[in-house]
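Subject: Structure handover

Hi,

Here is the structure we talked about. Please load it first, then read my notes below.

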Amino acid sequence: MALQKPRYPVDYIGITQYYNTAHPALDLGWHTPNPPVYAAAAGTVYAAARDVDGANYVVIRHDNVIAGKLVYTLYWHLASYRVAKGATVKLGDRIGVMGQTGNAVGVHLHFEFWITPLSYTKWALSDKRKYAVDPQTYVYCYPDQTVSPNTCSNTRRRSTRARTSWPPGPSSA
């Protein structure tokens, strides 16, 4: 099975908070009302629910993004979601709408990218510090996506331009 090139899960890529050890995710802003959120890669919906803080979220398990590993993508603070646990999604399928549910300031998508061993089959939020990685290392800006000028203007941050090699490695990160 060929490996997938994951995409940013939004049409308009405006990064409002970057990945760091205190915040192991990307926060993606918006430029239109009710922006759709898409599956970053094909996979199976592991969870679609509301957390204890009232945030709507979706977790998708991907089996063919990185050879010999499982990948989980997490989509938090959704206004609504349109998938159910166990559903199969394709890359780019609409899974929800960006929102401000739970402990969130402003409408945005909190997007996490986890890389786990193949034996990791019982996802638990408490494992975040162990498996979350910087999504910018693994996701791509596809031609139908727009990058906010403010996202790339910060030269201390990695660019969100499309990568040309796959799978990712030291030379493409």
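Confidence by element comes first. This is a predicted model. Helix H2 (residues 149-153) has the lowest mean pLDDT among the elements of the chain, at 58. Strand S8 (residues 88-89) has the highest, at 98. Across the chain the average pLDDT is 86. A score of at least 70 is reached by 86% of the residues.

One stretch needs a separate note. Over residues 152-173, pLDDT stays under 50. The model still has 42 contacts beyond four places in sequence for residues 152-173.

Now two individual residues.

Glutamine 145 sits in a loop, with strand S11 (132-133) on one side and strand S12 (146-147) on the other. Is glutamine 145 buried or exposed? Its relative accessible area is 7%, so glutamine 145 counts as buried, the cut-off being under 20%. A polar atom of the glutamine 145 side chain lies 2.6 Å from the backbone oxygen of valine 10.

Histidine 77 belongs to strand S7 (residues 69-81). What stands out in its backbone is phi: the angle is positive, about 75°, although histidine 77 is not a glycine. Histidine 77 is buried too, because its relative accessible area of 8% falls under the 20% cut-off.

Best wishes

Conventions
Residues numbered from 1 in each chain as written. Predicted model: local features only at pLDDT ≥ 70, side-chain atom pairs only at ≥ 80, totals over all residues. Heavy atoms only, no water. Helix = DSSP H or I, 4+ residues; strand = E, 2+ residues; numbered from the N terminus. Buried < 20%, exposed > 50% of the residue type's maximum accessible area, 1.4 Å probe, protein only. Polar contact = N/O pair within 3.5 Å; in protein donor to acceptor, adjacent residues only side chain to side chain. pLDDT = per-residue confidence, 0-100. Contact = heavy atoms within 4.5 Å.
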